[in-house]
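Please look over the model below before reading the comments.

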Amino acid sequence: MRHRPGDRVQGWSEAFDDPARISLTDVGEPVDGWGRFVQGMAWALADAGHSLRAWDGAIASDLPVGGGLSSSAALQRAVGRVSIGDPPWDALAMQRARPG
């Protein structure tokens, strides 16, 4: 993952065909697919008063999608680190960031 100028987050995952594209100026803008997890974390961080940095990133994992092994929590933690630095671990905030 690397920071970029602007107000957008762009992410690619080896597990999904479509990239995630998130507007940091409107973290409530509807997003489809796995990008909802990225958007949810961005929303929770912004709602907590953090300034978000734009970034591009590629995600690869050997955790099975939907396997109950906290792959979404790992993704949210990575999004938090690249978006604001090293956010404090806050399980309740991460739960609020989960889509649906």
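The numbered points below go from the whole chain to particular side chains.

1. Basis. The model is predicted, so local features are reported at pLDDT of at least 70 and side-chain atom pairs only at pLDDT 80 or more, whereas totals for chains, interfaces and linings take in all residues. Numbering starts from 1 along each chain as its sequence is written, and side-chain values rest on heavy atoms, with hydrogens and water left out.

2. Fold. The protein has three helices and four strands. Their order along the sequence is β-β-β-α-β-α-α. Helices (H or I, at least four residues) and strands (E, at least two) are DSSP runs numbered from the N terminus.

3. Burial and surface. The protein has 100 residues, and 34% of them count as buried. Buried means under 20% relative accessible area, exposed means over 50%, and partly exposed lies in between (1.4 Å probe, protein chains only). The accessible surface is about 6000 Å², with 50% of it belonging to carbon and sulfur atoms; areas come from the Shrake-Rupley method with a 1.4 Å probe, and for residues only the protein chains shown count as cover.

4. Contacts along the sequence. Taking contacts between residues at least 6 apart in sequence, 56% join residues at least 24 apart. Contact here means heavy atoms within 4.5 Å.

5. Nonpolar core. The largest nonpolar core has 17 residues, and those with the most contacts inside it are Val9, Leu24, Val38, Trp55 and Val79. Strand 3, helix 1 (35–47) and helix 2 (71–84) are the elements that give two or more residues to this core. Helix 1 supplies the largest share, five residues. Such a core is a set of buried Ala, Val, Leu, Ile, Met, Phe, Trp, Tyr and Cys residues joined through side-chain atoms within 4.5 Å. Leaving aside residues up to four places away in sequence, Val38 touches Val9, Ile22, Trp55 and Val79.

6. Salt bridges. How many salt bridges are there? The count is two, where a salt bridge is a side-chain nitrogen of Lys or Arg within 4 Å of a carboxyl oxygen of Asp or Glu. Arg2 pairs with Asp56, with the closest N and O atoms 3.3 Å apart. Because Arg2 is in strand 1 (residues 2–3) and Asp56 in strand 4 (residues 55–59), this pair ties together parts 54 residues apart in sequence.

7. The second pair. Asp56 also meets Arg4 in a salt bridge (3.0 Å, N to O). Arg4 lies in the loop between strand 1 and strand 2 (8–13), so this pair ties together parts 52 residues apart in sequence. Salt bridges with shared partners join Arg2, Arg4 and Asp56 into one network. Asp56 is buried at 11% relative accessibility, Arg4 is partly exposed at 27%, and Arg2 is exposed at 57%.

8. Ser23. Ser23 lies in strand 3 (residues 20–23) and is buried, with a relative accessible area of 7%. Its side chain makes a polar contact with the side chain of Thr25 (2.9 Å). A polar contact is a pair of N or O atoms within 3.5 Å; within protein, one must be able to donate a hydrogen and the other to accept it, and residues adjacent in sequence count only if both atoms are side-chain atoms. A polar atom of the Ser23 side chain also lies 3.3 Å from the backbone nitrogen of Asp26. Not counting residues up to four places away in sequence, Ser23 touches Asp7, Arg8 and Glu29.
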